[in-house]
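Could you walk me through this structure in my viewer, one selection at a time? I'd like to know what to pick next and what I will find there.

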Amino acid sequence: MSNKDQYLVRAEPFYRAQGREVELYEAAYAARLPVMLKGPTGCGKSRFVEYMAWKLNKPLITVACNEDMTASDLVGRYLLDANGTRWLDGPLTIAARLGAICYLDEIVEARQDTTVVIHPLTDHRRVLPLDKKGELIEAHPDFQLVISYNPGYQSLMKDLKQSTKQRFTAFDFDYPEAALETQIVVTESGVDAELAATLVKIAQTARNLKGHGLDEGISTRLVVYAATLIGRGVAPQDACRMAMVRPITDDADIRATLDHAVDASFP
Amino acid sequence: MVTGVRQVQDARSRSYAHPQVQTAWLELDCGFPAVADVFEECIDTALASFDAAQLDAYLEAARFIGKLGRGPEPLLAFLEEWPAVVAAASGDQEPLLPQVMGAIRAMQKSPNSKAITPFLQTLAAIARRLQSAEQIELYIDIALNLMQRTSGSIHGHHTTFPSPGLPHFFDQAPRLLDLLSTAGLRNWTDYGIRNYASHPERQEDYFRLDSADSRAVVQRERHGTLFVDVERPLDLYLRALWRDSEQLVPYSTAFDELRKPIPYYDRLGMRVPDVYDDAHGPAGLVSGLDRYRAVLAHMVGHRRWSGQIIADNYSPFQRMAVEFFEDCRIETLLMREYPGLRRVFLALHPLPGETECDPETTSCLRHRLAMLSYALLDPKHPYTNPQLLEFVARFHEALGDGVSSTREMADLALSYVARTRRQSDQFAKVHFDNTVIDYRDDNRHLWQYIEDSDDEEFFDDPDKQNRKPAESQSLPPRRYPEWDAASQTYRPDWASVYEALHPSGNAADIDRLLDKHAVLAKRLKRLLDLLKPQDKVRIRYQEEGSDLDLDVAISSLIDYKSGVAPDPRINMSHRTDGRNIDVLLLLDLSESLNQKVPEGTHRAGDGGTAGQTVLELSQEAVSLLAWAIDCLGDPFAIAGFHSNTRHEVRYQHIKGFSERWDDGVKARLAAMQAGWSTRMGAALRHAGHYLSARKADKKILLLLTDGEPADVDVTDPGHLREDARKAVEELAAKGVTAFCLSLDPKADDYVRDIFGKRWRVLDRIERLPETLPTLYMELTR
């Protein structure tokens, strides 16, 4: 079972619940219902899955999806070896065999025909046919599928098919409330609460611009980066520019506005 | 002084008590009594600043001007203004006087001698603004250049007509130099010369600052941060920092002299000045953009925290005090939100000296309130007045950690006015210096008037607001700039493009046309099928791929087992091969399209192109192309254009990207008509504006035209050509590829200039229906 152990989350990940998502997830897991996590980037979706895997003490297999990903990248493929060909399981197949939580991150990045392979696993059948190998895998009783995507920034082309969407229960994530986000920043980076509150305020400034030239606001993750830099002795203004403003925009007007917000936020 | 009346008596014999004045008068040798009346005063001023040699030069110049034969005005202007000019230009007349005299001689020798008087009259005002001899020299150069280039001549040798614009130029110059640098003035003048050199009345309008484009060019050349340049950052600023959004309306500060408008807001939007220079405050430099931000932040503060008070209960002084307290309250709250704003506010806030105003002779209320206002914002203020300190303490106590209220501030203000009142507050002489806080709005939202008050002023005419704009049938025009190759600048808002739906005709006509070309259509269809996207394409021979390519793998394995180096490229992968092309077909619908196709060029047995107009042929071609693109599935739009001067460029919508190729579109296509001229640049820009909003990988603008750009209000054939070339460059910068199919056999001369390599000339027009779709397929293959 050492194979299974390598996927276990050992240390407790820091996660601060925003609502009742922890109990709701536990209920979904108890029924082995597939789960979909929606929300902007850097708001804690992946951290939440990691935390739940730790809490339920189940292995977690994460796949970061991308446009070049094909069905065989998920399911598995034949490789050559000295005696002929050898089948190699893909991450989805491994999870189904081991009874792990399979987490497909940013699922819409993968092409739609690719994501169809998860369909038989996500309804009452709970099977995964490996047509090339001629095998039908019954999913392990502990297996669960979790997908995440960001409804905000992708183009219309990259939406989930209705037939895929309607196989999941869903959570809507968003950036936490200011007070909670401040706490998170304090815990993650160790800066003092006042500074963390200022950083969160700047992040919210940028979030106000979503849809007006910004695809996404400044994520909690970036706020933590900025706080970490400040904790290592970087001047606050520089850290904010480097970690919070520069990464999110190439638009000179927006950059100037956010730079001004940074300047205006520090006395 | 009465002008125009010839005085008979000679003033040469006038005698003066002061011997020096008497000598000077004799030297001047002048017979105008009007000059004699003021001469003594002028010499007194001159003696105060000039030494003997300078005085001699001054008198010498005056004598010359007096003998020009232009009456007493130029001489009077010179005598009175010159000492002030020299004083303003740092006291040395040596380099300046020859310059000015040279200019006067030049004007005297040309027919422009009438302009000498306004030149001399405004010279002192100019000198005060320019402050240095070099700058004044530049100014004179600009004026002389204007004179030379606008003086008219009949046979080309001698200038015989005076420059119409020159006197107006001199009249306006002081005002212009308030707004423009000398470089800006030069650009403004050049623009006027270039566009109105041959049109005296328009030229006068231009140099009198009466015409719209004259003002537009002034606006463009102004120094400082222009509102139009920062509108978007300001909008972002409001949204990002204050979660507010409001229409921002600039008001003009260039042409209001008596009363400078102040920022304000009402239900129609936030009004801000159209330009801000960088401010050099007591605490350092504040950029124009930051000044705009301060204005907006202040208004946002009012919108968030200010209530309304009934104005009728207060005296004007009390109201002023209430406004100061309230402004400080909201600014304190703003600075709580963003502490860094304190820097900006304090840098813009005047810092009046405590003893600057004398309460015995002047009304000091403004001065007291400005000091108080500063002290309320800056804890490190320098003031020591006990009353002031007491009220600062009471203010902060009232605010505490809460937000207080407008009501509470009004009470505080009333008690402040009562405690600090002085008799002298009523004086007419009010101390204004250093008390104007220009980023604050006029607080009109603060007051509620129950009765009509007579001291209330709005600079928007209330009648004007109530008047509803006339309902118009079509869309309002979109204005586009036009490239002026001579000056390498854009003419702002030059061409007005009116977009309208093309009228409809009979859709069956188009179907009939398509039937007529059924044979051709069949041929095209075969080509089209080849082009259709084959959604998935297999790529073989990959070292890394999604699947094992078994054929290759087996042969590799055989190689391996038999000891030969195996081919490692045994995988295959897939690639989607979709077309992602948006195309806009822009049709030139100018008059020349109504010409018949020349006889003798048609092919026998083609069903008769003979006698057809170019328009009908284009119609067939466009129908076929539209049908072909529709088969391919690429999104496409069709539009036509023609123009009747720059004020009326018509852009006719025939098919939009999201419209289907159906009867509605065909009906519009069937009604295609030609007329007027070809202002290509404006149409290209408008079409490009639609295309650039599309998200396709490749955006193509296909222009079908039969001639070069031309319009009835443009005499220089190169101008519109250059403009079209510029428009194509702009399109390229936006990621739009423009391609031109020209039906003009002589197009080679100019089409290359405009479209670079992307053009084709069709010399056999009757083949157009066949060529256009094939061309498109070649372009997008």
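Start by selecting helix 25 and helix 26 of chain B: in this predicted model, their crossing is left-handed. Helix 25 covers residues 680-691 and helix 26 covers residues 717-733. The two pack at an angle of about 15 degrees, their axes 8 Å apart. That angle makes helix 25 of chain B roughly parallel to helix 26 of chain B, because angles under 35 degrees count that way.

Now show the side chains where these helices meet. On helix 25 of chain B, pick B:Met680, B:Gly681, B:Leu684, B:Arg685 and B:Gly688. Facing them from helix 26 of chain B are B:Leu720, B:Asp723, B:Ala724, B:Lys726, B:Ala727, B:Val728, B:Glu730 and B:Leu731. Colour this contact by class and you get 7 nonpolar, 2 polar and 4 charged residues.

Next, zoom out to both chains. Here 25 residues of chain A are in contact with 20 residues of chain B. Which element of chain A gives the most to the side that touches chain B? Select helix 12 (252-265) of chain A, which contributes 10 residues. Helix 4 (71-75), strand 3 (76-81) and helix 9 (193-207) of chain A also supply at least two residues each. By class, this side of chain A has 11 nonpolar, 10 polar and 4 charged residues.

A hairpin joins the two strands through 2 residues. Finish by picking A:Arg77, and opposite this residue you will find A:Leu88 in strand 4 of chain A.

Key:
Residues numbered from 1 in each chain as written. Chains lettered and ligands numbered in written order. Predicted model: local features only at pLDDT ≥ 70, side-chain atom pairs only at ≥ 80, totals over all residues. Axes fitted to C-alpha atoms, helices over the stretch in contact; angles between N-to-C directions. Helix = DSSP H or I, 4+ residues; strand = E, 2+ residues; numbered from the N terminus. Parallel < 35°, antiparallel > 145°, perpendicular 65-115°, else oblique. Left-handed = near helix turned anticlockwise from the far one by under 90°. Contact = placed C-beta atoms within 7 Å. Nonpolar A, V, L, I, M, F, W, Y, C, P; charged D, E, K, R; others polar. Pairing = 2+ DSSP bridges.
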